[in-house]
Amino acid sequence: MKNLRKTGLLALLATLVMVLAACSGGGRSGDSGSSSGADVSEGASTAAGGGEVGKIGVSLPQKTSENWVRAEQYFNEAIKEMGLEGTVLFANGGVTEQQNQLDTLISGGAKVIVVGAIDGSQLGGQLKSAHDQGIKVIAYDRMLTNTDAVDYYVAFDAFKVGELQGKSLLEGLEAKKPGGPWTVEIFAGSPDDANSLQFFNGAMSVLDPEIEAGKIEVKSGQRTFEQAATQGWKGENAQKRMDTLLSGFYSGSQPDGVLSPNDNLAQYILQSFTSAGKTGPVITGQDSEENAVKRLMDGSQYSSIYKDTRLLVNEAVKMAKEIQEKGTLDVNDPEGIDNGTKMVPTQALEPIITTKDNAAEVYKDDPVLAPLTQ
Ligand code: BGC
């Protein structure tokens with residue numbers, strides 16, 4: 001699978017060049033206006049290969065981190081750039097809204113739906129109805145679980161994200177206090193997001209052996225996914241839990257490190273340290289949000305993960321186009337990932353770990369992040 005992924009990466013590099021060209025005019029942050037309406041009933045466009053390519057329906061979750069904000073703009077741009085028609089909807093109101101939006105996309109004539117699920121286990125009815133009507137389904141970023149009505153998955157490798165976070169936490173702790181031992185607290189993402197357990201398992205595959213060896217102490221003892229989870233990926237929930245951990249287990253001291261699953265939660269966890277009058281810990285993140293890159297550079301956050309949303313969106317739209325043209329797709333992990341019901345052929349992208357040391361290099365082609373590293 002690794003080799004296949006490497007082969008895929010070459011293709012992805014070529015794709016990135018294309019996307020960068022497509023995106024060169026625009027900034028990346030900010031809400032680029034509200035989602036267009038749900039009318040997807042206009043005619044199909046003609047694909048480069050001559051075949052008819054129908055509409056693409058994109059259904060995304062709440063904007064719980066900057067990558068989802070960026071995704072809206074990038075989907076609209078990529079759909080236009082590839083000469084397609086499509087609709088991008090956000091389910092800001094929750095699972096029921098996402099179910100309703102999927103119904104709308106399906107009845108509106110979408111030929112492929114791309115789904116970034118709030119809760120990938122709650123959309124089975126809508127996905128089945130899509131399949132019954134011959135609509136292809138692509139899971140975007142988050143796996144759609146416990147359904148066989150999903151054709152492909154496109155995402156940055158979530159277990160790898162966690163592994164990289166675990167490794168960088170160790171690296172940061174070693175730099176701060178050579179040889180250890182270290183006190184650490186563990187945070188995970190929202191339990192309804194299939195990625196969260198993958199991030200957690202990846203990170204704990206690195207940290208558990210250090211805990212067993214006595215090199216890391218989790219003073220609260222809260223080491224399970226359930227204990228570490230942050231409902232709804234909500235910053236306030238993580239901050240509240242950190243407040244409780246600091247007052248309960250660290251009066252007169254402080255944890256040396258915190259495993260944070262993403263940048264947004266890292267921001268709230270750091271706020272908790274500030275409110276308690278404690279010095280910030282070695283802390284991880286994910287997404288390379290603008291504020292997080294600033295924190296990398298000023299030393300208040302140790303690491304982040306770069307998962308270029310332009311690349312992910314571009315892959316998804318390209319897949320949605322090709323599946324209609326060819327009826328099948330070449331992906332770099334054809335065997336795929338188990339979603340609980342079937343193996344889903346996957347286009348896996350490589351996440352990149354970033355610290356202050358490699359930030360300028362990693363973000364050098366990113367028009368918004370590059371200037372922040374100067
Ligand atoms: C995404 C992360 C993001 C998180 C919260 C996850 O599914 O993969 O990039 O930080 O959701 O929005």
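Reader: What share of the residues of the protein count as buried?
Author: Because the model is predicted, local features need pLDDT of at least 70 and side-chain atom pairs count only at pLDDT 80 or more, whereas totals for chains, interfaces and linings use all residues. Residues are numbered from 1 along each chain as its sequence is written, and side-chain values use heavy atoms, with hydrogens and water left out. Buried means under 20% relative accessible area, exposed over 50%, and partly exposed in between, with a 1.4 Å probe and protein chains only. Of the 374 residues of the protein, the share that counts as buried is 54%.

Reader: How many helices and strands does the secondary structure of the protein come to?
Author: Helices (H or I, at least four residues) and strands (E, at least two) are DSSP runs, numbered from the N terminus. On that basis the protein comes to 12 helices and 15 strands.

Reader: Are the residues on the faces of E3 buried or exposed?
Author: In a regular strand the side chains alternate between the two faces of the sheet. In strand E3 (residues 55–60), Lys55, Gly57 and Ser59 lie on one side and Ile56, Val58 and Leu60 on the other. Six of the six residues of E3 are on the covered side of the cut-off, and both faces are therefore to be described, by the limit of under 20% relative accessible area, as buried.

Reader: Which residue is the bridge partner of Ile56 in E5?
Author: Two strands pair if DSSP finds at least two bridges between them. E3 pairs in the parallel sense with strand E4 (residues 86–90) over five bridges, and Leu60 stands opposite Phe90 there. Five bridges also join E3 to strand E5 (residues 110–115), again running parallel, and in E5 the partner of Ile56 is Val112.

Reader: How are H9 and H10 oriented to each other?
Author: Axes are lines fitted to C-alpha atoms, for helices over the stretch in contact, and angles run from 0 to 180 degrees between N-to-C directions. Helix H9 (residues 263–275) and helix H10 (residues 290–298) pack at an angle of about 60 degrees, with their axes 9 Å apart. Angles under 35 degrees count as roughly parallel, over 145 as roughly antiparallel, 65 to 115 as roughly perpendicular and the rest as oblique. H9 and H10 are therefore oblique.

Reader: What is the relative accessible area of Met319?
Author: Met319 has its place in helix H11 (residues 309–326). Leaving aside neighbours within four places in sequence, Met319 is in contact (heavy atoms within 4.5 Å) with residues including Ile138, Tyr152, Leu329 and Gln347. The C-alpha atoms of Met319 and Val112, 207 residues apart along the chain, are separated by 9.6 Å. Met319 is buried, with a relative accessible area of 4%.
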